[in-house]
Amino acid sequence: GYDFADWIKLSSEIEIEHAYVTDGAGGEISIEQLFVDFELGRHFNIRAGRMLAPLGITNENHEPPLTWGVERPLFDKYIIPSTWSVDGIGAWGEICDKLTYKAYIVGGLDGSKFDAMNGIRKGRIKERGSLQDIAVTGRLDYTPFESIDQMLRIGVSGYCGGTNNANKGKENGVGGNLKIYSADFAYRNRRFEARGAMAYETISNAKAIGNNTADAIFGWYLEAGYHIVRPGD
């Protein structure tokens, strides 16, 4: 990261996927995040560049120790396909005390890559995103209480966008829309933690896509944990 000023800040996340880079064998250099924040105030700020879709629990917080296992839940692989980067511009901030928001206009997914085995996962455009069929996405988070010992956060998020996108700004010829409705929560009471998420998706042009693509997808999960040792103990 880099601070151009106290209100203009660059953030990035660049990874060597699978620990190596070689042509045709799966390894790659991946720019998962590269965005600039213009911090204008408590209630309204601007974000532009490549950021993470603000859906579910894991996508924006996908690195250990924020995830509890080596493998992510299948929900976070196929229904909300983490890690899901989007290119665009948007706003974020606080609506009021304890209530925050994010709202972005971004490039959509490549609907021609949806299928029965992977859901919408292969529709992510990792190289050069397309704005042929744009999307809107956002979330609200409400935290009624938060202290050292106890915290509760409840979130809702959504996505609506076209599917006629392909790499390098091209079209794929598959029209239609993808809509995602999601809710999640996180709770902590001293050493005990619990969280969960659910999502419902509709794909308007599933028959045109083929690949046995479903026209609706639903999933959820719950997980709980207990910290035997906490930092500072």
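Reader: Which residues touch the most other members of the largest nonpolar core?

Author: Trp84, Ile120, Tyr159, Leu178 and Ile203, out of 27 residues in that core. This is a predicted model: local features need pLDDT of at least 70, side-chain atom pairs count only at pLDDT 80 or more, and totals for chains, interfaces and linings use all residues. Residues are numbered from 1 along each chain as its sequence is written, and side-chain values use heavy atoms, without hydrogens or water.

Reader: Why is this called a nonpolar core?

Author: Because its members are buried Ala, Val, Leu, Ile, Met, Phe, Trp, Tyr or Cys residues joined through side-chain atoms within 4.5 Å. Buried means under 20% relative accessible area; exposed is over 50%, partly exposed in between (1.4 Å probe, protein chains only). Strand 10 (192-203) gives the most to this core, with three residues.

Reader: What makes strand 5 and strand 6 a pair?

Author: DSSP must find at least two bridges between them. Eight bridges join strand 5 (residues 85-96) to strand 6 (residues 99-107). Therefore they pair.

Reader: What makes residues 99-107 a strand?

Author: A strand is a DSSP run of E, at least two residues; a helix is a run of H or I, at least four, and both are numbered from the N terminus.

Reader: Which strands are the edges of the open sheet?

Author: Eleven strands form this sheet, in antiparallel pairing. Strand 1 (2-5) and strand 11 (216-226) are its edges, because each pairs on one side only.
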